[in-house]
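I opened the model to look up a few helices and a loop. My notes follow.

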Amino acid sequence: MRTFERALVLGSGGPVGTAWMAGLACGLRRGGVDLGEADLIVGTSAGAIVAAVLATGQDPGRLAAPAGGPDARDRPRADRATAGRVFAVLGERGLEPGEARRRVGRIAFEGADPRAERAVIAARAALIGTDAWPRRRLLITAVDAGTGEPVVWDRDSGVPLAHAVAASGAFPGAVPPVGIDGRWYLDGALRSGTNADLAAGARTVVVVEPMAHLFPREPLERELAAAGADTAVSIGPDPASVRAFGPDLNDLAAWEPAYRAGLGQAGDLAQDRGGPGEPGGRLRAAWSTGADADR
């Protein structure tokens, strides 16, 4: 049973993926496809930042450059060794997913710095520009570091928006765990890079996946099947965007090039007047159909 028309799902991808998604959303809006008009927006990790901006009715162009934030001395430093241990756990064959997430939670607490947590929350607040949840339905994903269980927050959860967004991107080795009401939370991508199954009930689902070029498509296809949409459109970075990303998705120096690449890819999609089999045509048709149904 369809309960609403259009859902937008924004996936993980580090700071570089954040910038690219913002550029893509900005360019698509200029081309007549406003992703912020979705009835439901699901944000995971990097996608939580862009989701919060879009759902609160702001211009994604505010993310054209990294927001000024707290003193650089308090910002978390990337720890490749810790990240490597996390990926080793996640890649361990036969390990139950919940147990894998619990092990990752234990790794995350080793050497965690409270100053870095405060800095991350402040930086996310500066990026999204608000701490008030929107009226539009917005879901932000995370994982409980202690239990390994996925969590989903919305405006009725009682969690400040900036804290939810910060927790959703708290990947060990890059961002420290975020504490909320006595519990600690980690990156929602530890459950899924997109969490597209949370869009269940939508007639049309559009997924924007910054890391689509790095991982197999089968998990996303399973999630979309679980969501059961009549129409699903997924957008990953094109070759020019992948080049703009560079080798490190946490490299802030690639933020502005990635944003411009997103703008450029959106322009290509907007100029694509092909039929339903072409990416731009499919996206435009899916979004306009949902808009017509709303009227």
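I count a contact when heavy atoms lie within 4.5 Å. Helices (H or I, at least four residues) and strands (E, at least two) are DSSP runs, numbered from the N terminus. This is a predicted model: local features need pLDDT of at least 70, side-chain atom pairs count only at pLDDT 80 or more, and totals for chains, interfaces and linings use all residues. Residues are numbered from 1 along each chain as its sequence is written, and side-chain values use heavy atoms, with hydrogens and water left out.

**Helix pair α1 and α9**

I looked up which residues meet. In α1 they include W20, L24 and L28, and their partners in α9 include W255, Y259 and L263. The axes of α1 (residues 14-30) and α9 (residues 255-271) come within 7 Å and cross at roughly 35°. I fitted the axes as lines to C-alpha atoms over the stretch in contact, with angles running from 0 to 180 degrees between N-to-C directions.

**Helix α4**

I checked the burial next. G98, A100, R101, V104, G105, I107 and A108 are buried in α4. Buried is under 20% relative accessible area, exposed over 50%, partly exposed in between (1.4 Å probe, protein chains only). These buried residues pack against α3 (80-90), β3 (137-144), β4 (150-153) and β6 (183-187).

**Residue T147**

I found T147 in the loop between β3 and β4. T147 is partly exposed, because its relative accessible area is 32%. Beyond neighbours within four places in sequence, T147 is in contact with R102 and R183. T147 and T130 are 17 residues apart in sequence and 30 Å apart in space, C-alpha to C-alpha.
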